[in-house]
Amino acid sequence: MLLPLSIIFGRSWRAGEVPGDWRKANVTPVFKKGKKEDPGNYRPVSLFSIPGKVMEQLILGVINKHVEEKKVIRSGQHGFTKGKSCLTNLIAFYDGMTSWVDEGRAVDVVYLDFSKAFDTMSHNILISKLRKCGLDEWTVRWVENWLNGRAQRVVISSAESSWRPAASGVPRG
């Protein structure tokens, strides 16, 4: 089973082409908390094909290795960084601010909420950023093809909506 998949993955990567079925997602609402009648209490989860998700993880590994080796992301970056989190960011922020206050310096803070930032991320901007950070062209072409031509539909119980194009956002399960 592994040999056929490795051949398919290798050809997909070298050609920069992703099978169409890998780019289709069933979006299912998952209940978070509160009243079940309130649609705002559900989180949409995209369910992609398993081979597509496995290949996505392989490509993510290539991107992560490149980012680490080329030091593309600064040490102060906490979000989406292995071994760092909102908590480590908060601790670093608190440490910096308390040292300034201890020195008698004035401190002003502005909070921004980017919680939905990736839901509206332009695919073209993302691809441009990947090229600018020096990622190899095979990987960039694969990611570009993975993002272009994506489609999704909502599935609730046995009811399905029609397929709709997904022109922004980053696929995630």
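Biologist: Where in the chain is confidence lowest, and where is it highest?
Modeller: Confidence is lowest in strand β2 (residues 42-47), with a mean of 88, and highest in strand β4 (residues 159-160), at 96. The score is pLDDT, the predictor's confidence in each residue, from 0 to 100. Helices (H or I, at least four residues) and strands (E, at least two) are DSSP runs, numbered from the N terminus.

Biologist: What should I know about the model itself?
Modeller: This is a predicted model, in which local features need pLDDT of at least 70 and side-chain atom pairs count only at pLDDT 80 or more, while totals for chains, interfaces and linings use all residues. Residues are numbered from 1 along each chain as its sequence is written, and side-chain values use heavy atoms, with hydrogens and water left out.

Biologist: And what is the mean pLDDT of the chain?
Modeller: The mean is 88, and 94% of the residues reach 70 or more.

Biologist: On to the rings. How many aromatic pairs are there?
Modeller: Rings of Phe, Tyr and Trp (its six-membered ring) pair if their centres lie within 6.5 Å; planes under 30 degrees apart count as stacked, over 60 as edge-to-face and the rest as tilted. By this rule there are five aromatic pairs. In one of them, the ring centres of Phe 9 and Trp 22 are 5.8 Å apart and the planes stand at 70°, so this pair is edge-to-face.

Biologist: Where do Phe 9 and Trp 22 lie in the chain?
Modeller: Phe 9 belongs to helix α1 (residues 2-15), and Trp 22 to the loop between α1 and β1 (24-31); the two are 13 residues apart.

Biologist: Is Phe 9 buried or exposed?
Modeller: Phe 9 is buried, at a relative accessible area of 9%. Buried means under 20% relative accessible area, exposed over 50%, and partly exposed in between (1.4 Å probe, protein chains only). Trp 22 is buried as well, at 8%.

Biologist: Which aromatic pair do Trp 13 and Trp 138 form?
Modeller: Their pair is edge-to-face, with 4.9 Å from centre to centre and 90° between the planes. This pair links distant parts of the chain, for Trp 13 is in helix α1 and Trp 138 in helix α5 (residues 137-147), 125 residues apart. Trp 13 is partly exposed at 24%, and Trp 138 is partly exposed at 37%.

Biologist: New topic. How many salt bridges does the whole structure have?
Modeller: There are six salt bridges, each a side-chain nitrogen of Lys or Arg within 4 Å of a carboxyl oxygen of Asp or Glu.

Biologist: Why can such side chains pair?
Modeller: Side chains of opposite charge can pair when their charged atoms come close. Here, Lys 53 bridges to Glu 56, with the closest N and O atoms 2.6 Å apart. Both residues lie in helix α2 (residues 50-69), three residues apart, about one turn of the helix. Lys 53 is partly exposed at 23%, whereas Glu 56 is buried at 13%.

Biologist: What about Glu 69 and Lys 65?
Modeller: Their side chains form a salt bridge at 4.0 Å, N to O. Both lie in helix α2, four residues apart, and both are exposed.

Biologist: Which residue does Arg 131 meet in a salt bridge at 3.5 Å?
Modeller: Arg 131 meets Glu 144. Arg 131 is in helix α4 (residues 123-132) and Glu 144 in helix α5, so the pair ties together parts 13 residues apart in sequence. Salt bridges with shared partners join Arg 131, Glu 137 and Glu 144 into one network.
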